[in-house]
There are 2 protein chains.
Amino acid sequence: MSDITMIRAAAERLKGHARRTPLLSSPFLDDIAGRKVLVKPECLQHTGSFKYRGGRSALSALDEATRARGVIAFSSGNHAQGVALAAREFGVPAVIIMPADAPRMKIDNTRALGAEVVLYDRAGGESREAIGEKLTNERGLTLIKPYDEPQVIAGQGTCGLEIAEQARAQGVTRADVLTCCGGGGLTAGIALALEAEAPGLRVRPCEPEGFDDTARSLAEGRIVANTQPSGGICDAIVTPQPGQLTFPIMQRLCGPGLTVSEDEALRAMKLAFERLKVVAEPGGAVALAAALFRPDEIAGDAVICTISGGNVDAAMFRRALDISL
Amino acid sequence: MSDITMIRAAAERLKGHARRTPLLSSPFLDDIAGRKVLVKPECLQHTGSFKYRGGRSALSALDEATRARGVIAFSSGNHAQGVALAAREFGVPAVIIMPADAPRMKIDNTRALGAEVVLYDRAGGESREAIGEKLTNERGLTLIKPYDEPQVIAGQGTCGLEIAEQARAQGVTRADVLTCCGGGGLTAGIALALEAEAPGLRVRPCEPEGFDDTARSLAEGRIVANTQPSGGICDAIVTPQPGQLTFPIMQRLCGPGLTVSEDEALRAMKLAFERLKVVAEPGGAVALAAALFRPDEIAGDAVICTISGGNVDAAMFRRALDISL
């Protein structure tokens, strides 16, 4: 089970590898939100999302012989790239099982990072689990799950250690910390880090409307699933339901979830472009959108939010730029 | 005259105010350049460009009574915003004299940061110097020049202190450091900082074709001007000629200048979007363009470059996104 000791150990292993992203702000965003807005742009992390933290944490926690046989992951996007880069850095094989209809750019990027990409037909009869199990048994690969894996949660938690320190340096010790939430790895990791390092900071998961499984699960006190397992433009952070490991952590430590519309996520992307000069993907912008457009659901003089990733293609980014604010 | 002692003092004054921007990289950019590319994204600095460093340095170096009377600057863009924010932080008046045909967004932003914007007709008979002199005399304002001012150069030099430290942490001690160069404040400041802190790093100014006054001045050993005083899409870094204070520093410390086309600057903007997830303005992308597209004019296993600013409107950014790489 992940805890603060594991997060601190992960931070040690990530030193000199994961990037320490800055904590950004803009008086123009403060004006919109009606309070100070501090933004942790994990789009600036290696591979363009926080997922590298968890991938590197998990790989570096394996014993050398196990790691040398290689790793395997199921992912259509950011987790794939995080694991692929970490594996390349260790010089070990990575097999990534991706749906054949995943965005071309994400497949290409994962391959370019040295991973062996195995495509499966999402609509057809092929089970990715069956493909994965076969490869795992044949080659002795270790599965790196995207969020329900203690060392992955610990790796994402290193982002929380940085938030605690950087917020304190800016004089913010009491605030909501809004996270972009899919399976809950980042949210749970940050929540554990803040519990120990900045108990006045409370994590609240943010999701797109229609995929608010975490918000509803927290409200009901049990894991509930989305009616649709995937879809929408915020795909990078959409999962069927909160994880078995992440949910109890979120239930214990997080405040109520927040939801935003896809249009609000696009507007937040444009404001991140204009005011912070960073590139956010739609799913990566939901927490900023909540910080800006849900002022009445947030208390206090300051709010902190993550931008979880920036892996967006030019066509989608144009859609955001075309919005008039 | 600016020197390393002034830069170190400026760094002390900027502590807790200027942002320490990270040093970014991407294996995809390394592949294009054929060497390691380390990028210092000053677009992430307050107000979206390195200019805040110089503005804050200059204002913080004034004695309190002088500062309280207020400051004045001539600028159509980034320097205006840097000075305006610094003045607001000190709670003192700032008057910015801007051409009436400056981009609306830059005028609005400067006003929104609390400055009094005085517009003059660039094409007509009005001399901005006459307007400025009148205001200065009436109100006892202090002029903050954009680059030919020792405390401004010292402020920009703090970016060089960070580069020295961050490059060393990544194992890079011998490399060219490519700077986006207008009047030479950033270039000279970084060169002075590296002379003291990282003597194996050599600064080389980068400019857009047609506005290569610094490259030609360095080649001829004397200050020569551009044939046209302004124009093009890289306007943020176009000045008529190198400064009287900055040129001798650049002449003593810098290697040969590099020039790139506007099209190459736009391509670099798109690659910064795709691979670094940061927003660069055309002028802010010329050094990255040189790092990527002038491999034969650079030596060594690594190259460092600045992205000097990211204050670009959506229409221009769309132009960059539309380029096929």
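Contact here means heavy atoms within 4.5 Å, and helices (H or I, at least four residues) are DSSP runs numbered from the N terminus.

## The model

Welcome to a predicted model, in which local features need pLDDT of at least 70, side-chain atom pairs count only at pLDDT 80 or more, and totals for chains, interfaces and linings use all residues. Residues are numbered from 1 along each chain as its sequence is written, chains are lettered from A and ligands numbered from 1 in the order written, and side-chain values use heavy atoms, with hydrogens and water left out.

## Helix 1 in chain B

Let us start with helix 1 (residues 4-14) of chain B, where Ile4(B), Ile7(B) and Arg8(B) touch Gly189(B), Leu192(B), Ala193(B), Ala196(B) and Glu197(B) of helix 9. By class, this contact has five nonpolar, one polar and two charged residues (Ala, Val, Leu, Ile, Met, Phe, Trp, Tyr, Cys and Pro count as nonpolar, Asp, Glu, Lys and Arg as charged, the others, Gly among them, as polar).

The axes of helix 1 and helix 9 (residues 185-197) of chain B come within 9 Å and cross at roughly 105°; axes are lines fitted to C-alpha atoms, for helices over the stretch in contact, with angles from 0 to 180 degrees between N-to-C directions. Helix 1 of chain B is therefore roughly perpendicular to helix 9 of chain B (65 to 115 degrees).

## Helix 1 in chain A

In chain A, the axes of helix 1 (residues 4-14) and helix 8 (residues 150-169) come within 8 Å and cross at roughly 80°, so helix 1 of chain A is roughly perpendicular to helix 8 of chain A. Among the residues that meet are Ile4(A), Met6(A) and Leu14(A) from helix 1, and Pro150(A), Thr158(A) and Leu161(A) from helix 8. This contact has nine nonpolar, four polar and two charged residues.

## Where the chains meet

Between the chains, 30 residues of chain A are in contact with 30 residues of chain B. The buried area is about 2,500 Å², with 64% from carbon and sulfur atoms; buried area is the accessible area (1.4 Å probe) that two parts lose on being put together, summed over both. Arg19(A), Phe273(A) and Lys277(A) supply 25% of the area that chain A buries against chain B, more than any other three residues.

The rule finds two salt bridges across this interface (a side-chain nitrogen of Lys or Arg within 4 Å of a carboxyl oxygen of Asp or Glu). The side chains of Arg318(A) and Asp322(B) form a salt bridge at 2.8 Å, N to O.

Conventions: Helices (H or I, at least four residues) and strands (E, at least two) are DSSP runs, numbered from the N terminus. Angles under 35 degrees count as roughly parallel, over 145 as roughly antiparallel, 65 to 115 as roughly perpendicular and the rest as oblique.
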